Amino acid sequence: MRKSALLASLAITATVLAAPPGTADPAFTVRTMHFDVLAGPGAGQHCDIVGDLYTPVAASAASPAPAILTTNGFGGSKDDQAGIARLAASRGYVVLSYSGLGFGGSGCRITLDDPDWDGRAASQLVSFLGGLDYVVHDAPGDPRVGMVGGSYGGGIQFATASVDPRLDTIIPLITWNDLSYALGPNNAVPAATPGAAKITWALLFFFEGALLENIQHPDPNRAIGCPNFPTEICTDLLLTGTLGYPTPQTTALLQHASVASYVSRVRVPTLLIQGQKDTLFNLNEAVATYQALQAQGTETKMIWQSWGHSGGAAPGEIDLANPDPASQYETGRILDWFDHYLKDLPADTGPEFAYFRDWVPYSGNAAPAYATSASFPVGTARSFYLSAHNELVAEQPRTGSQTFLTPPAGLPTSLSPFDAINQPAVDVNLPGTFAEWASAPLAAPMDVVGVPRLDIRLTAPTAALTSHLGPTGQLVLFPKIYDVAPDGTASLIHQLVAPVRVADPTRPVQVSLPGIVHRFDQGHRVRLVLASGDLNYRGGLVSAPVTVTAGDTGQALTLPVVG
């Protein structure tokens, strides 16, 4: 469809509803609208999108305002964005907050922020903004517009930027680089085989998307077949849960909806904000996107906030319901970014890299707890070698072995909290199913900022034979890092684990663990555990003995240490 015809369609089919009582603000007006957009391969599917348009009263054809487009996280709606929308509108931005496809009253099915579906739909909302004479234009039909949103509302920004060059800047929070890694991670380097199915998060998404959404916004057309999802989503979820790993078809579907597969088409200034407490989309997701954008010359900066899908924000970071740039560090960074790129103001877009430190005391705005750097990565590599007597040592290690057994059928051997439900941290590894090493008590605090690395060699003759069967017969292990206090209390850092499916156990294995920002206090110990199962993942299907023989400097846990 030509742009002129599309604008006419949007103008004709938009339905304007009165704003709810009590929502009026003297600085802006709000109206609810419906948009008939065309999505899918070939743009052949009509989808109804519901959104709220926030318009500053001062915006006019003579004095136009830039625009912001925003949408919800998974299971949410346009209403979730009301806080940031009100703030931006009160500061002179036209804001269109909408419910993504399949959510919050919008039609069509949930398509995982795929560019062909969600990206095309959002592009037509950009066209709607381009038809408003009170929005700043860079060219006819080309509005000055940015996007902001978190999780599912972050992934859509990459999808939109990949199909619509009119988008000027994006601020994705706590989102993914590669959904096939997020939902079936293999942290081996390189990942030569599929990862381990992330069971609890996948089940939560299906429950929210297929059941809750159909209860809250019933639609008979979407209830048929795979409820509220395309048929292949249900098929792939069943196969992945049964096998314990994603099939090539599932991987292709997930990667098609991932910026990792189309990053070359994302060329707009990007402020990446990722969460330290996040077992769904860990810090490695943002690192991968940051490095890919930087490599192609796209202006990119990155913030590692405290909060994510597995924990709430620290005081003075951001309050999504009541954002305040004066008292909240991240809210200020977001508005400065938009003021710079959308209003052409001399606003400071901040440092190249900033990260929250939960050990720094402060009051009010969280800015003092954020350390900054002119580059990424930061820190200096510090290696702890695997040694005899379950030790991690900084000097020459001694020879010693540990042997454990992996369970059959991918059963869990670590009793830990469900990742998808924020529970009190309880973590127990069953005897005989893991190996472990711990450092001596630290003589001084050690601050780790970045992505830890594990280099290890395994002896697993049974797995060496069964690995020829492919992923079904391959060994799956779960490295993780603990902080052990002087009283012996061990805390799994942010509940993060690093599933590894080993393609060839006869060769050295390198693991890129989830990124962390953590202080090991004086007197505390670093503990490395190599577990054979985890409650939140489907492990290996074949039971096999595994031996790790330490005693050389080629086997080490390497931490990026700052300060």
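How many aromatic pairs does the count come to? Keep that in mind while you set up the viewer.

This is a predicted model, where local features need pLDDT of at least 70 and side-chain atom pairs count only at pLDDT 80 or more, while totals for chains, interfaces and linings use all residues. Residues are numbered from 1 along each chain as its sequence is written, and side-chain values use heavy atoms, with hydrogens and water left out.

**Stop 1: the rings**

The count comes to 22 aromatic pairs. For a pair, rings of Phe, Tyr and Trp (its six-membered ring) must have their centres within 6.5 Å; planes under 30 degrees apart count as stacked, over 60 as edge-to-face, and the rest as tilted.

Select Phe-74 and Phe-205: they make a tilted pair, 4.8 Å centre to centre with 50° between the planes. Phe-74 sits in the loop between β4 and α2, and Phe-205 is in helix α6 (residues 199-216), so this pair ties together parts that are 131 residues apart in sequence. (Helices, H or I with at least four residues, and strands, E with at least two, are DSSP runs numbered from the N terminus.) Both Phe-74 and Phe-205 are buried, where buried means under 20% relative accessible area, exposed over 50%, and partly exposed in between, using a 1.4 Å probe and protein chains only.

Now jump to Tyr-290 and Phe-376. Their ring centres are 5.8 Å apart and their planes at 80°, so call this one edge-to-face. Tyr-290 belongs to helix α11 (residues 283-295) and Phe-376 to the loop between β13 (370-373) and β14 (380-387), so parts 86 residues apart in sequence are tied together. Tyr-290 counts as buried at 5% relative accessibility, and Phe-376 does too at 14%.

**Stop 2: a charge on a ring**

Show Arg-527 and Tyr-482. The charged end of Arg-527 sits over the Tyr-482 ring, 4.9 Å from its centre; the rule asks for NZ of Lys or CZ of Arg within 6 Å of the ring centre and within 35 degrees of the ring normal.

**Stop 3: the disulfides**

Pick Cys-47 and Cys-108, with sulfurs 2.0 Å apart. The S-S torsion here is about -90°, so the disulfide is left-handed. Cys-47 is in strand β3 (residues 45-56) and Cys-108 in the loop between β5 (94-98) and α3 (115-130), so the pair ties together parts 61 residues apart in sequence. Both cysteines, Cys-47 and Cys-108, are buried.

Next, select Cys-226 and Cys-234, joined at an S to S distance of 1.9 Å. Their torsion is about 80°, so this disulfide is right-handed.

**Stop 4: helix α2**

Colour residues 82-90: seven of the nine residues in α2 are buried, among them Ile-84 and Leu-87. The cover over those buried residues includes β2 (28-39), β3, β4 (67-71), β5 and α12 (329-342). Just past α2, look at Gly-92, which takes a positive phi of about 95°.

**Last stop: Ala-550**

Ala-550 is in strand β28 (residues 545-550) and is buried, with a relative accessible area of 2%. Which residues does Ala-550 touch, not counting those up to four places away in sequence? Show Leu-386, Ser-387, Arg-398, Thr-399, Gly-400, Trp-437 and Gln-555, where contact means heavy atoms within 4.5 Å.

Definitions and conventions:
A disulfide is a pair of cysteine sulfur atoms within 2.5 Å.
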